[in-house]
Amino acid sequence: MVPSETRAVNTRPIFAVLICAASALAQNPSRPASTSTPWKPLEFLIGTWEAATRGGSAGAATSGTYSFQLELRGHVLARHSSNSGCKGPADFDCDHGDLLYIYPDTPGQPYKAIYFDNEGHVIQYNVSSPAANTAVFLSSPSQPGPQFRLTYELKGSTMRGKFQIRMPGETDFKSYLEWDGKKK
């Protein structure tokens with residue numbers, strides 16, 4: 001009988017592989033994005049919301065849903081919307097579709113946002129949160145044409161929204177659409 005040989009196993013490479021694997025798992029991009037500190041003032045927006053118009057100069061009665069969700073590994077907060085019913089004047093687009101992307105500009109600076117719709121509108125916004133559960137999107141007054149303000153405010157369990165326009169030379173914003181709804 002030949003005695004079995006005992007080999008010394010070098011565990012250093014195995015240990016290094018395990019450490020690398022643990023690090024990779026900890027940074028796995030498929031993991032859901034966290035609503036950590038950078039998004040704290042806007043966390044109240046995240047989720048899917050019902051929406052029904054309740055006023056504004058557009059003269060439309062619309063209903064549908066919209067959702068805010070973190071995308072691109074948590075670097076962008078995106079709003080997607082869909083209509084489930086609409087009645088409006090002939091010049092109101094009941095087949096309206098749009099996208100809103102919110103992103104942090106540089107640390108310590110206000111958020112930025114960009115809006116696109118199926119009518120060809122593009123609006124760039126500065127985003128602020130002047131109070132808890134409130135977000136205000138304001139376009140630059142230095143751009144030619146009207147200035148736009150989009151506001152979301154969570155009161156209790158109801159999200160209220162307004163899309164307002166200030167025409168050149170005017171001092172007040174006028175509501176084009178106002179809506180509210182509950183989280184789904």
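**Reading strands, burial and a pocket**

A: In this predicted model, let us begin with the hairpin of S6 and S7, where five residues stand between the strands and Asn-133 takes a positive phi near 60°.

Q: Which residue takes a positive phi in the hairpin of S5 and S6?

A: A hairpin may be read through the residues between its strands. In the hairpin of S5 and S6, four residues lie between the strands, and Gly-120 has a positive phi near 90°.

Q: How many bridges join S5 to S6, and in which sense do they run?

A: One looks at the bridges and at the direction of the strands. Strand S5 (residues 111-117) runs antiparallel to S6, and six bridges join them. Ala-113 has Tyr-125 of S6 as its bridge partner.

Q: How many bridges pair S6 with S7?

A: S6 pairs with strand S7 (residues 134-139) over four bridges, again in the antiparallel sense. Across this pairing, Ser-128 stands opposite Val-136 in S7.

Q: Is Thr-134 buried or exposed?

A: A residue is judged by its relative accessible area, and buried means under 20%. Thr-134 is therefore buried, because its relative accessible area is 9%. This residue lies in strand S7. Leaving aside residues up to four places away in sequence, Thr-134 touches Phe-44, Ser-128, Ser-129, Tyr-152 and Glu-153.

Q: What pattern does the chain follow along the sequence?

A: The chain has one helix and ten strands, and its pattern reads α-β-β-β-β-β-β-β-β-β-β. Of its 184 residues, 30% count as buried. Among contacts with a separation of 6 or more, 38% come from residues 24 or more positions apart. The chain exposes about 11,800 Å², of which carbon and sulfur atoms supply 56%.

Q: What is the volume of the largest pocket, and which residues lie nearest its centre?

A: A pocket is read by its volume and its lining. The largest pocket has a volume of about 1,100 Å³. Its lining comprises 46 residues, and His-96, Asp-98, Tyr-115, Asp-117 and Phe-163 lie nearest its centre. By class, the lining contains 24 nonpolar, 15 polar and seven charged residues.

Definitions and conventions:
Residues numbered from 1 in each chain as written. Predicted model: local features only at pLDDT ≥ 70, side-chain atom pairs only at ≥ 80, totals over all residues. Heavy atoms only, no water. Pairing = 2+ DSSP bridges. Helix = DSSP H or I, 4+ residues; strand = E, 2+ residues; numbered from the N terminus. Buried < 20%, exposed > 50% of the residue type's maximum accessible area, 1.4 Å probe, protein only. Contact = heavy atoms within 4.5 Å. Areas by Shrake-Rupley, 256 points an atom, 1.4 Å probe, with all protein chains shown as cover. 1 Å grid on protein atoms, 1.4 Å probe; cavity = no way out; pocket = protein on both sides within 12 Å on 5 of 7 lines; lining within 4 Å. Points joined across faces, edges and corners; volume = space filled by probe spheres on them. Nonpolar A, V, L, I, M, F, W, Y, C, P; charged D, E, K, R; others polar.
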